[in-house]
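User: I would like to learn how to read a few local features in a protein model. Please take them one at a time.

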Amino acid sequence: MKKALQIFSFTVIALFILSLFGWMASHLTKGDKDFGFLNGPVEFMMTFPDMFNKSVEQVKSLPETFIKTPEGFEPVNRLDSNLTVLTTYSLDNTTRAIDLVNLKNDSVLHRWTVDNPHLITERIKNPLLLPGKHLIFSYQGKALQRIDSLSNRIWIKNDVWAHHAMNFDSDSNIWTCAYAPVYHATGIYKLEGKTMFYIDNYISKIDPETGEVLFNKSITEILVENGLEGYILKSTNVKDPLHLNDVEPALKTTRYFNKHDVFISLRQPSLIIHYRPSTNKVIDIIEGPFISQHDVDIYNDNTLMIFNNNYYTITAGEGKAPPKDSSRLAEAGDFYSNIIRYDFTNDSISFVGDSVFRANQIFSRTEGLMDFIDPFTYFVEEQNTGLIWVIRNDSVVYKNVFKSQHKGYHHLPNWTRIVKNYE
């Protein structure tokens, strides 16, 4: 009986408070009464549902350039020296920022802002820093352009639709992945009496001062002219069988490659092509236990490093239903991304940091990169999750995200570039 009286009393009090709030809200809306210091709280409660709905709708409508940060995410920062990176992200739907950031203390050393005239999901990937804080960049698959330190445009090349990675060669020219400046298919072959159209890719060398195209070559032409066109059929992605994602130029001549050679990474057929532009010759085709790889780097005179995504080139579906009897199942284990070391001296392949990748479940289905800071330390962008790592001697010394202006969300990274010797 006592408990019932308590419930009745609380109900009466709650109804009184609600009635009082409704009465005050009504008169505030009409403007015929003033409740002094209570005006603010009542007005806040009146508008709270609208603000909440607006906040929910804003989060729902966030473009995919933002990623939800895991609950309870704990960053790690044991960096003992400055580490400067060049990163890009969305300020809003129509503006992009490019920041020089010191990861050691999260300080922004310089910022460029540029308009985004494209879709709200368009990203700037892997910009290049030039002397005088000039930048060269493109929106993914759009015109290449150069800006100065104040974000003023110096030039734009509408005939070079750059995408994915860009790299300097020994003459300070830029090698980039590119598309022909058209929206239709640019490759064709015939198979079983059918004509198949697909997206071709180009490697382009650009003069950074003028934007002049110094070299431009179709990947299809490279394969055909070297008797390797069959590799176009290796991918199950008929519309996009090549998917160029990196062009790494050799900066000097060694026993295994010449200065001005380039190493070309093709995601769909899981190939690294060693190509010599001066003679139009493919020197070697590198295949191995890497699948859908991105980011090939020349590590030293006889070694390549490759970021191995370790994922389908096309998602293969859900697989078969589990069996009633599991005794005959052959277990292939868990798959994560990793770093492949390719040694030219004996054509051998080994794994770098595989244990730390597995222990931390580092995995990116697409994109992703690594960059060696010194022989014992390397940077990893786990692009799909937005996590960035620094690993030293198989120990994590840095793990974080690029925090965004939206609470609970962080920025999708866009091929973060390590900037060495920045002053």
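Predicted model: local features only at pLDDT ≥ 70, side-chain atom pairs only at ≥ 80, totals over all residues.

Analyst: Residues are numbered from 1 along each chain as its sequence is written, and side-chain values use heavy atoms, with hydrogens and water left out.

User: Is Asn414 buried or exposed?

Analyst: Buried means under 20% relative accessible area, exposed over 50%, and partly exposed in between (1.4 Å probe, protein chains only). Asn414 has 4% relative accessibility, so this residue counts as buried.

User: Where is Asn414 found?

Analyst: Helices (H or I, at least four residues) and strands (E, at least two) are DSSP runs, numbered from the N terminus. Asn414 is in the loop between strand E28 (409-411) and strand E29 (417-418).

User: Which backbone oxygens lie by the side chain of Asn414?

Analyst: A polar contact is a pair of N or O atoms within 3.5 Å; within protein, one must be able to donate a hydrogen and the other to accept it, and residues adjacent in sequence count only if both atoms are side-chain atoms. A polar atom of the Asn414 side chain is 2.8 Å from the backbone oxygen of Thr88. For the backbone oxygen of Leu412, the distance to a polar atom of that side chain is 3.2 Å. Contact in general means heavy atoms within 4.5 Å. Leaving aside residues up to four places away in sequence, Asn414 touches several residues, including Tyr89, Arg123 and Glu381.

User: How many aromatic pairs are there in the whole structure?

Analyst: Rings of Phe, Tyr and Trp (its six-membered ring) pair if their centres lie within 6.5 Å; planes under 30 degrees apart count as stacked, over 60 as edge-to-face and the rest as tilted. The search finds 13 aromatic pairs. In one of them, Tyr189 and Tyr198 have ring centres 5.7 Å apart and planes at 45°, so the pair is tilted. Both Tyr189 and Tyr198 are buried. Phe257 and Phe263 make an edge-to-face pair, with 5.8 Å centre to centre and 90° between the planes.

User: Which residues do ring pairs link into a cluster?

Analyst: The cluster joins Tyr256, Phe257, Phe263, Tyr342 and Phe344.

User: What is the phi of Asp106?

Analyst: Asp106 is not a glycine, yet its phi is positive, at about 60°. This residue lies in the loop between strand E4 (95-102) and strand E5 (107-115). Its relative accessible area is 43%, so Asp106 is partly exposed.
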